[in-house]
Every structure is written in C-alpha cells, then in structure tokens.
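Here are some notes on the model you sent. They follow the helices and the packing between them.

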Amino acid sequence: KVQQLRSLLVVMRTRIVDRASAGQDALLARANAAIAEADGTGDLQVKCEALGLRALELAFATRSRDAGDRNANIAKAYAAMREAGEAAEAAGNDRVRVMMVIGQLEMASDVPGYWSDIPDLVERAEIGVEHIQDPVALLLFDELRGVIAMNTGSWTDAIVRFDRTRQGWL
C-alpha cells in the first residue's frame, strides 16, 4: 500500500507541474485522499510527501489568473506549507522540510503581510539548505534572498544574488 501511494505521489507531482493535465479541484481531491490513505498506513514519510504536494498545488494555484481571492489562497498555501514542513520534521524528512520553508519564504517575500516572518524563514532555510546540501535548494534560496534584497532596496546584493543564481542554472 505504501508503494502504491508513493507511485501516486510521483504521478501527482507531474500533474501539478503540468498544469494542463487536470484541474485544481481534482488534484486537491487526490492529494487529500492520499493524505487520508497515508494516515491509514502510519507512514510519516508518505504523509509528509502528500502534504507537501497539496501545499505545492495550492501554491501553484495562487499564480492562476482565475484563482479568485489571491490573499486568501496565499494564506491557505502558506498554512499548508507550514503543516507539510512540520510533518516532514516529524518524519525526519529534511529535504521536504527545507523545500516547504523555501516555499513559505517565496510567498512571504511576495506579500507584505508576511514580511515579519522573513527573518525567521531565512534563518531556518539557511540552516536547512546547509544541512541537506542540495544544489537546487541552494539556488532557489539564493534567488529568494535576491528578491528580498530587491524588496528592501539592497540593489547590489540583489544583483549579485541574481547573477549567481543565473550562473548556477546554466
């Protein structure tokens, strides 16, 4: 059963990224069903991955022009990322935990109502990225640090971070 759930989560991740394959309601229903099934197995790894996918779908939905109340959707996605991060921490899944913190940081850097969370999120992301040693997480984090620098008028820092990120993706 756990392996079937892992397979489902891989398929769902692909569908979330490929926005044309299914509607948000269908993807959220599948994610919620996977979370319920994961609860039934008692496998914390599968549950944190399912929660992470639901958070990812909610985050992608905030970018849709048809998303409705953007602030309400961001609040849902932000809370879902926090929940997934906490589940990942309980499961000992550092990669999911760090990626959820980076996701929260991305939303916080874009919405003034969350700016007070930025210092804590930056610190947690910095420690997490250093710990997991994932080059993709490092690039995403550095780019977000550039966005934060830009938002605060630290133009030189922003330019350096954006250039370093661009070079990293090449």
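1. Which elements cover the buried residues of α4? The cover includes α3, α5 and α6. This is a predicted model, and the points below should be read with that in mind.

2. The buried residues of α4 are N73, I74, A77, Y78, A80, M81, A84, G85, A87, A88 and A91. The helix has 22 residues, and its first and last C-alpha atoms are 31 Å apart, close to the 32 Å expected at 1.5 Å a residue. After α4 comes G92, with a positive phi near 75°.

3. α3 is largely enclosed by the rest of the structure, because 13 of its 18 residues are buried. Its end C-alpha atoms lie 26 Å apart, which agrees with the 26 Å that 18 residues should span at 1.5 Å a residue. At the start of α3, a side-chain oxygen of D43 comes to within 2.9 Å of the backbone nitrogen of Q45.

4. The largest nonpolar core contains 42 residues. At least two of its residues come from each of α2 (24-41), α3 (44-61), α4 (70-91), α5 (94-110), α6 (118-132) and α7 (135-151). In soluble globular proteins, nonpolar side chains tend to be buried together.

5. Which residues have the most contacts inside this core? They are I102, L105, M107 and F141. Leaving out residues up to four places away in sequence, I102 touches A125, V129, A137, L140, F141 and L144.

Conventions: Residues are numbered from 1 along each chain as its sequence is written. This is a predicted model: local features need pLDDT of at least 70, side-chain atom pairs count only at pLDDT 80 or more; totals for chains, interfaces and linings use all residues. Side-chain values use heavy atoms; hydrogens and water are left out. A nonpolar core is a set of buried Ala, Val, Leu, Ile, Met, Phe, Trp, Tyr and Cys residues joined through side-chain atoms within 4.5 Å. Buried means under 20% relative accessible area, exposed over 50%, partly exposed in between (1.4 Å probe, protein chains only). Helices (H or I, at least four residues) and strands (E, at least two) are DSSP runs, numbered from the N terminus. Contact means heavy atoms within 4.5 Å. The expected span of a helix is 1.5 Å times one less than its number of residues. A polar contact is a pair of N or O atoms within 3.5 Å; within protein, one must be able to donate a hydrogen and the other to accept it, and residues adjacent in sequence count only if both atoms are side-chain atoms.
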